[in-house]
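Thanks for opening this one up with me.

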Amino acid sequence: MNPAEFANIAKSERDFWWYRGMRTILFRMLDPFLEGRRIGRALEAGCGTGYLSHRLQTERHWPIIPMDISQEGLRYAREMGIERPVQGDVMELPFADAAFDVVMSMDVLPHLPRGEEHRAAREMARVLAPGGLLAVRAAALDILRSRHSAFAFERQRFTRRRLMGLVTGAGIRVLRCTYVNSLLLPVALAKFRLWEPLLRQAPASGVQPVAPWLDHLLYAPLALEAAWIAGGRGFPAGQSLVLVGEKMR
């Protein structure tokens, strides 16, 4: 990822509408599969600034290891007081086979060169214990590439079918997979396919604070999606994909 984006994320990850909404959606999907499970060890493969791992360590008391390839991201993690940060490559994880009960990877696969996602998926499956859970989020649909995509060094986006095929090929049974950030899809299409090409501006981060009223307005559709997803339903299209899978025994 573009190192310059870490500063934007670090300033916004706690309160920005997109991050708050996507965390809510993630756990509405993941929590039903966590019931009755003992999490002895967890990994966030590609933790960025480490904020999600920090939340899991402090609020849920997970024994989670935050790992990222970037020293810049890990610097923010250390400043946050996060425990056990590790530098490592998702395509060659520095951990033993079957070391974790849960592996999470949020928006990492889109930054890998096309074809290398298979190697990363195999590595995440390798370090996951049989019966362990994998949670992955990835940018969706090539038509939604934007100025932000270019700025963040995004190299690929996924369809539901391709993401499911990727993890299945690595030995993961898909429990749930749905598009998310779907209700704002018409707005995104208008912005990315009409407005941005018309302006022809240089790539720029989309992680920028907005007025509080707009932040609340943009968060509301994600909150509605989270409630819909908690009922076991999904969406046929959206700006991101969230997948929860289980390593086959």
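**Notes for a first look**

1. Let us begin with Trp 18, which is buried, with a relative accessible area of 19%. Since buried means under 20% relative accessible area, that value falls under the cut-off. Please keep in mind throughout that this is a predicted model.

2. Trp 18 has an aromatic partner in Tyr 19: the two rings are arranged edge-to-face, 5.1 Å from centre to centre, with 90 degrees between their planes. Tyr 19 also counts as buried, at 11% relative accessibility.

3. Now look at the neighbouring rings. A search of the whole structure turns up five aromatic pairs. One of them joins Phe 16 and Trp 17, and this pair is tilted, with 5.7 Å between the centres and 50 degrees between the planes. Both Phe 16 and Trp 17 are buried. Which residues make up the aromatic cluster here? Phe 16, Trp 17, Trp 18 and Tyr 19 form one cluster.

4. Two arginines have a charged end placed over a ring. That of Arg 20 sits over the ring of Tyr 219, 4.4 Å from the ring centre. That of Arg 75 sits over the ring of Tyr 76, where the distance to the centre is 4.5 Å.

5. Is Arg 137 buried or exposed? Its relative accessibility is 8%, so Arg 137 counts as buried. Arg 137 belongs to strand β5, and its side chain makes a polar contact of 2.6 Å with the side chain of Asp 107.

6. Asp 107 deserves a look of its own. This residue is found in the loop between β4 and α5, and has a positive phi of about 60 degrees although it is not a glycine. For background, most residues other than glycine have a negative phi. Arg 200 is another non-glycine residue with a positive phi, here about 55 degrees. Arg 200 lies in the loop between α8 and α9 and counts as exposed, at 76% relative accessibility.

7. How far is β5 enclosed by the rest of the structure? It is largely enclosed, because 11 of its 12 residues are buried.

8. β6 and β7 run antiparallel and are joined by eight bridges.

9. Helix α7 spans residues 160–169 and includes Leu 166. The buried residues of this helix are Leu 163, Leu 166 and Val 167. Viewed down the axis of α7, they fall within an arc of 85 degrees, so they line one face of the helix. The face turned away from that side carries the exposed residues Arg 161 and Gly 169. The cover over the buried residues of α7 includes α5, β5, β6 and β7.

10. To finish, follow Leu 166 itself. With 5% relative accessibility, Leu 166 counts as buried. Apart from neighbours within four places in sequence, Leu 166 is in contact with Leu 109, Glu 117, His 118, Ala 121 and Phe 158. Pro 66 lies 100 residues away from Leu 166 along the chain, and their C-alpha atoms are 23 Å apart. Just after α7 comes Gly 171, with a positive phi of about 95 degrees.

How values were computed: Residues numbered from 1 in each chain as written. Predicted model: local features only at pLDDT ≥ 70, side-chain atom pairs only at ≥ 80, totals over all residues. Heavy atoms only, no water. Helix = DSSP H or I, 4+ residues; strand = E, 2+ residues; numbered from the N terminus. Buried < 20%, exposed > 50% of the residue type's maximum accessible area, 1.4 Å probe, protein only. Contact = heavy atoms within 4.5 Å. Arc of directions from axis to C-beta. Phe/Tyr/Trp six-rings, centres within 6.5 Å; stacked < 30°, edge-to-face > 60°. Lys NZ or Arg CZ within 6 Å of the ring centre and 35° of its normal. Polar contact = N/O pair within 3.5 Å; in protein donor to acceptor, adjacent residues only side chain to side chain. Pairing = 2+ DSSP bridges.
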